[in-house]
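Dear colleague,

Here is the structure I said I would pass on. My notes on what I found in it follow below.

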Amino acid sequence: MKKVQNHSPDYGKKKRRIIIAIIILLCVLYIFFAARPLSSEIHFVPAWTIDVDKNSRNERVLERLQQEDGAAKLFVEAIPYKLGQTAGYFTKNGTVLSYFTFSYKAAVSEDFYTLYGTHSSDFPVFEKTGKESMRIKQTGFPYFSSSSLFLFLPGGASFSRIGYNGEAIWTHEGRAPITAFSSSEGGVLAGFADGRLVAFDGSDGSVLYSISPGGSEYPVILGAGISPSGELVASVSGQDKQRFVIAKKADGRADIIFHKYLENETNRQVIVKFSKNEESVYYSYADGLGIVNCKTFADSKIAIEGEILSIQEDEDGTAFVLSRDGGVFTVSVVEPFDVYSGSFSFEAEHAFIAVKDGSLFVGHDSKISRIDIKHK
């Protein structure tokens, strides 16, 4: 016969206190070891919307700007825009500094712009203030980047880098058509229809290296990008097994350090763009936006409907992606390295996006809106 143990009421209270103390200790340990600071959230704060058609610059407006603020000072931080067949510059505060129309094409950068036709052989290049800076006396199609001026020559297989006097600094004469192009402070990158990816020294045009990503039945380069330092290049290439690769410069050559085959293919040109800190590279493809971490080679994809037209980045590495599906444009927000934070859409015939000094600028038909970016 078992002996029944009788415990005093004090024993039960003591046991409960021990259990409560253990629970409290476990909660404290959990908070100490498992808790993480909450990440900041991105907030959009509308600032203004202007109509560039109604606020376009004329001679009287320019005279007033020169008298009140100094046009030169305003143009220092001018932001370029191109909407349909109109283009120009505006300020962060919503002042339209210049407005011009063109019948065929315009090349517009942060510092220069030019208007040209199908057979332009002698055309002026203007500073953003409207002052003529140089004349390009060659036939071709100009391309202005943030760091350099280029001219694609007739035939589609050759191009020149143009100096600030309008003359060619150097010229590359190729055989296969150029199908992708990118430039940065670190160099110039061209992709060709025959599947070659060629990197050039921006100062003298010498070939730094040439690679062929391969792996496809038809090896055409559909998109290419070079990093700010020139140490990394990336491309989307091929049909019948479309491939994305990243290559790194090493001793006069480039070694492929990452590659993947894409599940679905596209036959149009795509965007390939490195982040400013070179930690990530973005590329568009049939299903949306692909992202690769250049250090860990972790890769991710974000579904985006339609064609991706532009990828812009703010100071903290947040990417803003403009896409178009029919008559609907969408701006998608991607925080480092692959966090999709949302999107907004609007109907328009023409659109652009720009990012500067903590603000997102969205152009839609004849209007431009400024939206301030806040991280809280």
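Strand β14 is mostly covered, with 6 of its 6 residues buried. Please keep in mind throughout that this is a predicted model. Gly187, Leu189 and Gly191 point to one side of β14, while Val188, Ala190 and Phe192 point the other way. Both sets are buried.

What sheet does β14 belong to? The sheet is open and has 4 strands in the order β13-β14-β15-β16, paired antiparallel. Its edges are β13 (178-184) and β16 (207-211); each has a single partner strand, so one side of each is left without a neighbour in the sheet. From one strand to the next, the twist averages 15°.

On one side, β14 is joined to β13 by 6 bridges, and the two run antiparallel. Ser184 has Gly187 in β14 as its bridge partner. These two strands form a hairpin with 2 residues between them. The hairpin of β14 and β15 has 4 residues between the strands, and within it Gly195 takes a positive phi near 95°.

Next, the nonpolar cores. In soluble globular proteins, nonpolar side chains tend to be buried together. The largest nonpolar core here has 17 residues. Phe244, Ile246, Val281 and Tyr283 have the most contacts inside it. Two or more residues come from each of β17 (218-226), β18 (232-239), β19 (243-250), β21 (272-274) and β22 (280-285). A second, separate core has 15 residues, among them Phe320, Val331, Phe346 and Leu360.

Which residues does Ile246 touch, leaving aside its neighbours within four places in sequence? It is in contact with Leu232, Val233, Ala234, Asp255, Ile256, Ile257, Phe258, Val281 and Val292.

The β17 and β18 hairpin has 5 residues between the strands, with Gly230 at a positive phi near 85°. β18 also pairs with β19, antiparallel and over 6 bridges. In that pairing, Ser235 stands opposite Val245 in β19. The hairpin of β18 and β19 has 3 residues between the strands, and there the positive phi, near 65°, belongs to Asp240.

Another open sheet of 4 strands has the order β1-β31-β30-β29, with antiparallel pairing. Here β1 (42-51) and β29 (351-356) are at the edges, each with a single partner strand, so one side of each is left without a neighbour in the sheet. The twist in this sheet averages 20° from one strand to the next. The partner of β1 is β31 (residues 367-375), to which 9 bridges join it in an antiparallel arrangement. Ile42 stands opposite His375 in β31.

Ser120 sits in the loop between β6 (112-116) and β7 (123-127). Is Ser120 buried or exposed? Its relative accessibility is 13%, and because buried means under 20%, Ser120 counts as buried. A polar atom of the Ser120 side chain lies 2.6 Å from the backbone nitrogen of Gly117. Beyond its neighbours within four places in sequence, Ser120 is in contact with Gln138, Thr139 and Gly140.

Last, the confidence of the prediction. The mean pLDDT of the protein chain is 88, and 85% of its residues reach 70 or more. Over residues 28-38, pLDDT stays under 50, and the model has 2 contacts for this stretch beyond four places in sequence. Where pLDDT is low, the predicted coordinates should not be read in detail.

Regards

Technical notes. Residues are numbered from 1 along each chain as its sequence is written. This is a predicted model: local features need pLDDT of at least 70, side-chain atom pairs count only at pLDDT 80 or more; totals for chains, interfaces and linings use all residues. Side-chain values use heavy atoms; hydrogens and water are left out. Two strands pair if DSSP finds at least two bridges between them. Axes are lines fitted to C-alpha atoms, for helices over the stretch in contact, and angles run from 0 to 180 degrees between N-to-C directions. Buried means under 20% relative accessible area, exposed over 50%, partly exposed in between (1.4 Å probe, protein chains only). A polar contact is a pair of N or O atoms within 3.5 Å; within protein, one must be able to donate a hydrogen and the other to accept it, and residues adjacent in sequence count only if both atoms are side-chain atoms. Contact means heavy atoms within 4.5 Å. pLDDT is the predictor's confidence in each residue, from 0 to 100. A nonpolar core is a set of buried Ala, Val, Leu, Ile, Met, Phe, Trp, Tyr and Cys residues joined through side-chain atoms within 4.5 Å.
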